[in-house]
Amino acid sequence: MGFWNWIQFINSSTVFIWGPFRHWFPYYPHFNIGFSYMILKVIQSSNFLLKKGNESTNHWISQRISSVLLLPLSVFFVMNFIQVMDKPFNEALIKFQNPINNLLTLTFILVSLWHYQQGMQVVLEDYIHNPKNRKITLGISRFLCWILAIVAIFSFINIYFMKV
């Protein structure tokens, strides 16, 4: 079966009606549109994130995205940290001069800062009731996260080009 025939088969209604899992899907006319088409429609309808008035929804979704990104990055970071924990500075430096280790560790730090900033924003918005104080503390928190991100980026660039 060629590629285009496979796509045509996936988009056909036969997958749902005559497939081995037909008992999972009751026959309704809207199941005739095919699996790929349904996924495409879900992706197209998910542009609600771009509309105005959904700041809290966007914030909630971006927090979930950052937490999901942190799961594999945390495992990678902890494994790297355990490997260099008892090594001398030069060996740890060589480990982090590897472009993949350098980039993934930097990504972990940046995503962690992004997740931290989002969490702090929720806490500050919930517990600071004066709008002026809330705006000031949110600005300070955002500013400090940007400063830490810039320092992390320059530090890992410096580590990458440092001579051992």
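## A nonpolar surface patch

Let's start on the outside: Trp 146, Ile 150, Ile 153, Phe 154, Ile 157, Tyr 160 and Phe 161 make up a nonpolar surface patch, with about 760 Å² of accessible area together. Areas come from the Shrake-Rupley method with a 1.4 Å probe. Nonpolar patch members have over 30% relative accessible area and no salt bridge, and their side chains are joined within 5 Å. A salt bridge is a Lys or Arg side-chain nitrogen within 4 Å of a carboxyl oxygen of Asp or Glu.

This is a predicted model, where local features need pLDDT of at least 70 and side-chain atom pairs count only at pLDDT 80 or more. Residues are numbered from 1 along each chain, and side-chain values use heavy atoms.

## Aromatic pairs

Rings pair if their centres lie within 6.5 Å; planes under 30 degrees apart are stacked, and over 60 edge-to-face. There are three aromatic pairs by this rule. Phe 77 and Phe 81 are stacked because their ring centres are 6.3 Å apart and their planes meet at 20°. Both sit in helix H4 (residues 55–84), four residues apart, so about one helical turn separates them.

Tyr 160 and Phe 161 form an edge-to-face pair, 5.0 Å centre to centre with 80° between the planes. Is Phe 161 buried or exposed? At 62% relative accessibility, Phe 161 is exposed, whereas Tyr 160 is partly exposed at 37%.

## A ring cluster

Finally, ring pairs join Phe 77, Phe 81 and Phe 108 into a cluster.

Technical notes. Patches are made of residues with over 30% relative accessible area and no salt bridge: like charges are joined within 9 Å, nonpolar side chains (Val, Leu, Ile, Met, Phe, Trp, Tyr) within 5 Å. Rings of Phe, Tyr and Trp (its six-membered ring) pair if their centres lie within 6.5 Å; planes under 30 degrees apart count as stacked, over 60 as edge-to-face and the rest as tilted. Helices (H or I, at least four residues) and strands (E, at least two) are DSSP runs, numbered from the N terminus. Buried means under 20% relative accessible area, exposed over 50%, partly exposed in between (1.4 Å probe, protein chains only).
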